[in-house]
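Student: I am new to this structure and would like to learn how to read its features one at a time. Could you show me the model and then let me ask about it?

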Amino acid sequence: MPMLPQNLLSPESLSASGRGSERLSLPALQSKMKCDPEGYESELLLLYRHFDSSLHLFRQQSAFSVSASGGGGGGGGDPTVTKDLGDLAMFLAHVRPFYPEKLVEFPGQLAELLRSAGRSLPSTLRCNLVQALILLVNRKIVDIEETLDLFMELQTLGDRVMRKLAFSHVVQSIRRMNQKHKNEVKNRKLQNILFSMLQEEEEFRAKRALTVLCDLHRRKVWFDDRTANAICTACFHTSTRVMVSSLSFLLGYERVEEADDSDDSSGEDDTTVAKSPVLLSRESIYKAHHKGTIASKKKKKAKLQRVIRSMKKQQRMSTEKNCSSSYSPLTHLKDAQGFAERLFSRLQTCNERFEVKMMMLKAIARTVGLHRLVLLNFYPYLQKYVQPHQRDITNLLAAAVQACHDMVPPDAVEPLFKQIVNQFVHDRSRTEAIAVGLNVVREICLRIPLLMNEDLLQDLVLYKKSHEKAISTAARSLITLFRELCPSMLVKKDRGRPTDPKARPKAFGEVSISTDVPGAELLQNDDESESSDDNDDDEDEANASGLNDEQNQLVNGATDGEKSGDDTDIGEDEVAAEDSNSEDDEEGDDEEEENSENQSFEESSQEEDDSDADDYDEDGDKVVDEEEKDIGSKKRKLIDFDGELNAADMSLRALKRLAGSKMGDPSLDTTDGILSNEDFQRIKELKAKRDAKLALARHGMLRKDVDPKSMDFKIPSSEQLSVKRVDPAMLEVNIKKKLNKEERLALVRAGREERGKYQARAAVKQKKTGGLSNKQKEHKKAMPLAAKRSKVARSRQEKKKQQRRSGKQFRGKKAWK
């Protein structure tokens, strides 16, 4: 085929076609074709024939270079032909939407060239052809399903730029396809292509497919069970590199989030603080900014910021629980038990390096803890690695903690538990080992409390007296845990004030079943508090009306002012007692039974009349104790006074019975056991208020209306423990690591940066520009005349004493005579 002239857009050709005689480049012609597609069809056909001839010439040159090199990969060819071919491919890809019928075969020619000679093409030409094909795919001229296999094949080439370009195109195309709505049929076809590549024996193809799947799953584009299971099954690939990549993704997907709210809180204004009604009150914000000295304001502002950070952390943790952001692809395993057993059998038989074994071990432990599996052979396998000098021992202990849950028999974990205690927690062990051992014991006992016995616990608790902060903190955390789990196992002085003194750990296999909606008691308590406020208002009005006559009578007796004050105090005490009894029915019933017995005993012992028994109320307390002291003096209408008190008492009893009947009969809203959406929203708000009060009370911002028992340590449920990943760094908390020489020198140099240059003290004094110091002023101070005379006399006497002593000074014996 004869080669066409390279300069197709010469003035002669343009004049023949009726154009101007100016010389046009490909970008200029491209813009003109977009404006007038029909007017430039002849130029398009001419350029397309030029592309075909250049492609044919390039293939002939490539075949000739391959045969000349003896079958080796030839990337040869004329550089001019290569450049023209790349430029024409990009030009035709840009104008393809305007000439769909003329350039029907062009996308197929590009794909065929890349499939057949992709490895032998020069890198620049290959990049140009791939960019042209990507342009056609982005304009939906070519479907991604047709070119996915080609782009995955291009990633296996040795060209790094090409690999990055093809990878980003595949990910962005699938992401763009699922941006508005998900096409499940199309996604299934694309997933089948990648899954088949992942199962191939060729290492590089399988790894590139795994990389694409992991990236799409991380971006939550393919966030389904099929993709997660495909990634998990890559752990059993014959290639170690593919297995390590899969394990790295599974273990690194969920990162342990530290409390890093300092940057977030520093950029917030005070208006954001005032906007949150649950967090802080206006009074505390006003005091922090407008009351007190500068130092006290700083302290108050810092305290406010601490409260804000703690509340943010709580809100983030609550959203993590609701939105399941502690997600792991391992949660989607269809056969979790089979996955753990297969991976454990491969771990036992493999001869990989220690890092790979540690990754497999952590993946098994995460799967066992997440799905609460029973893999009894796993704990003896861990036991042989439990040594303080073992490499990455904290990661291994974190995996051991993660694999413990309440469904594992305590007998299976007990040898591992004893090994940890014996190897780490003893008097000859290092500080770091003891602290880590105590922390691991606490975490394991949090999941399986039945492993701990009383003698061992009391021995471990004695480490609270250690002078090392890490050890004492770990021991105290163990005490705090068992105050909630089983206070009876602790010594009496270590029990504190437990919320439930009779608490016991659950037996193996015991399950507590919830019979109501979590948080419904908050809604009920809120309703009770509102009703009690209304009842208190009614009782106050009734008490005020019932005691008005009594107060008038006591005011009339002006001569008995002191006694009248005593009587009013007695009446108020009686009303307060009845109010307290009306609030708690059970306590009131018990007191009535006990006080009725006391009343019968007093009546039988003192043998009083029925008229004297009227002086006692239902609780057995005397109504008027002060009046019995002065019976002969003045009685002031005692009969009317007692009658009014009995009437007030009867009214309080009626209110008490009415409240009891209201509490006994469930309301219409709760009889059917159905809560509305407003009730659930109210429960959420009440939980937020309770958490806010606890946070404020912990930081000293709120000291009223907070139950101190509610601030105690709350034991998380087994589901929460299984979902959350154990952080190895938390096992080393408060441990001071030794610095090497370079780190110590860096600290020394950092301390010298802010310090000025060293100078002598005299030089510093000479450079002083201010006034005299207090010591210098004391030297120049004028003394009184009497003081001068006494000083002179004293100095004269001292000189005389020295002269007297100097003549009689002993100078030693002579050594000879």
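Student: What percentage of the residues in the chain is buried?

Tutor: Keep in mind that this is a predicted model. Of the 817 residues in the chain, 35% are buried, and the chain holds 39 helices and zero strands. Among contacts between residues at least 6 apart in sequence, 69% join residues at least 24 apart.

Student: How many residues does helix α10 have, and what span should they give?

Tutor: Helix α10 covers residues 203-218, and its 16 residues, at 1.5 Å a residue, should span 22 Å; the C-alpha atoms at its ends are 22 Å apart, which agrees. Its buried residues, among them Arg205, Arg208, Leu213 and His217, pack against α7, α8, α9, α11 and α12.

Student: How should I read the packing of two helices, and at what angle do the axes of α23 and α24 cross?

Tutor: Two packed helices are described by the angle between their axes and by the distance between those axes. Here the axes of α23 (residues 454-461) and α24 (residues 469-485) come within 9 Å and cross at roughly 140°, and the two helices are therefore oblique to each other. On the α23 side, Leu457, Leu460 and Val461 meet Ala475, Leu478, Ile479 and Phe482 of α24. The residues of this contact divide into seven nonpolar, no polar and no charged.

Student: Is Thr156 buried or exposed, and which residues does Thr156 touch?

Tutor: Thr156 sits in the loop between α7 and α8, and it is buried, because its relative accessible area is 11%, where buried means under 20%. Leaving aside residues up to four places away in sequence, Thr156 touches Arg119, Phe204, Arg205 and Arg208. Its side chain also reaches the backbone oxygen of Glu153 at 2.5 Å.

Definitions and conventions
Residues numbered from 1 in each chain as written. Predicted model: local features only at pLDDT ≥ 70, side-chain atom pairs only at ≥ 80, totals over all residues. Heavy atoms only, no water. Axes fitted to C-alpha atoms, helices over the stretch in contact; angles between N-to-C directions. Helix = DSSP H or I, 4+ residues; strand = E, 2+ residues; numbered from the N terminus. Parallel < 35°, antiparallel > 145°, perpendicular 65-115°, else oblique. Contact = heavy atoms within 4.5 Å. Nonpolar A, V, L, I, M, F, W, Y, C, P; charged D, E, K, R; others polar. Buried < 20%, exposed > 50% of the residue type's maximum accessible area, 1.4 Å probe, protein only. Polar contact = N/O pair within 3.5 Å; in protein donor to acceptor, adjacent residues only side chain to side chain. Expected span 1.5 Å × (residues − 1).
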